[in-house]
Amino acid sequence: MVKYDSGGVVVIGLGRFGTSLALELVAGGTEVLGIDSDEHIVQKLSGILTHTVAANSTDEEARIVAAELRRRRCSSFLLVTSDYHTRRAGRLFRKYIGDLRMTVVAAPDVNFSVDGWWKSREGRKAFAFEWMKTVTEPL
């Protein structure tokens, strides 16, 4: 793995992939803020990752991350999220980041493809949940 002087990484979602990524980053000497909605996972990783926080929504995650970025005096950051989640996540993060420069990067999701999401149950669920959250979220 190539190591960049990032000043730290935030991993939102500490399931199997997120935990594996966070642990690999910590092993390589990177400071990691881990965020998950499952308090049990957050507690389990609290002594291993640099920081851990429980959050239950993208809005709450955006608020936590923006505060941490300001605390570290960052000027820019990458927001990497599922390809179907980029627009809403970007909009929510923009509410909190002030003058920080943000680049939103779409990561492919095995359960969702732009040109065939309606063909699988998981794709339809991802679309429906993201759409519901988008239209019901306060601006």
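**Helix packing and the sheet**

Modeller: Helix H3 (residues 58–71) and helix H4 (residues 86–97) pack with their axes 8 Å apart, at an angle of about 45°. This is a predicted model, in which local features need pLDDT of at least 70 and side-chain atom pairs count only at pLDDT 80 or more, while totals for chains, interfaces and linings use all residues. Residues are numbered from 1 along each chain as its sequence is written, and side-chain values use heavy atoms, with hydrogens and water left out. Helices (H or I, at least four residues) and strands (E, at least two) are DSSP runs numbered from the N terminus. Axes are lines fitted to C-alpha atoms, for helices over the stretch in contact, and angles run from 0 to 180 degrees between N-to-C directions.

The angle makes H3 oblique to H4; angles under 35 degrees count as roughly parallel, over 145 as roughly antiparallel, 65 to 115 as roughly perpendicular and the rest as oblique. The crossing of H3 past H4 is right-handed, that is, the near helix is turned clockwise from the far one by less than a right angle. Contact means heavy atoms within 4.5 Å. Among the H3 residues that meet H4 are Ala-62, Val-65 and Arg-70, and the H4 side includes Leu-92, Phe-93 and Tyr-96. The residues of this contact divide into eight nonpolar, one polar and six charged.

Three strands form an open, parallel sheet in the order E1-E2-E3. Two strands pair if DSSP finds at least two bridges between them. The edge strands, E1 (9–12) and E3 (51–54), each pair on one side only. Strand E2 (residues 32–36) pairs with E3 over four bridges, and Leu-33 has His-51 in E3 as its bridge partner. H3 also packs on this sheet, touching E1, E2 and E3, and its direction makes about 165° with that of E2.

Four bridges likewise join E1 to E2, and Val-10 stands opposite Leu-33 in E2. From E1 the chain passes through H1 to E2 in a right-handed β-α-β crossover: with the strands pointing away from the viewer, the path from the first strand over the helix to the second runs clockwise. E2, helix H2 (residues 39–45) and E3 make a right-handed β-α-β unit.

Note on methods. Nonpolar A, V, L, I, M, F, W, Y, C, P; charged D, E, K, R; others polar.
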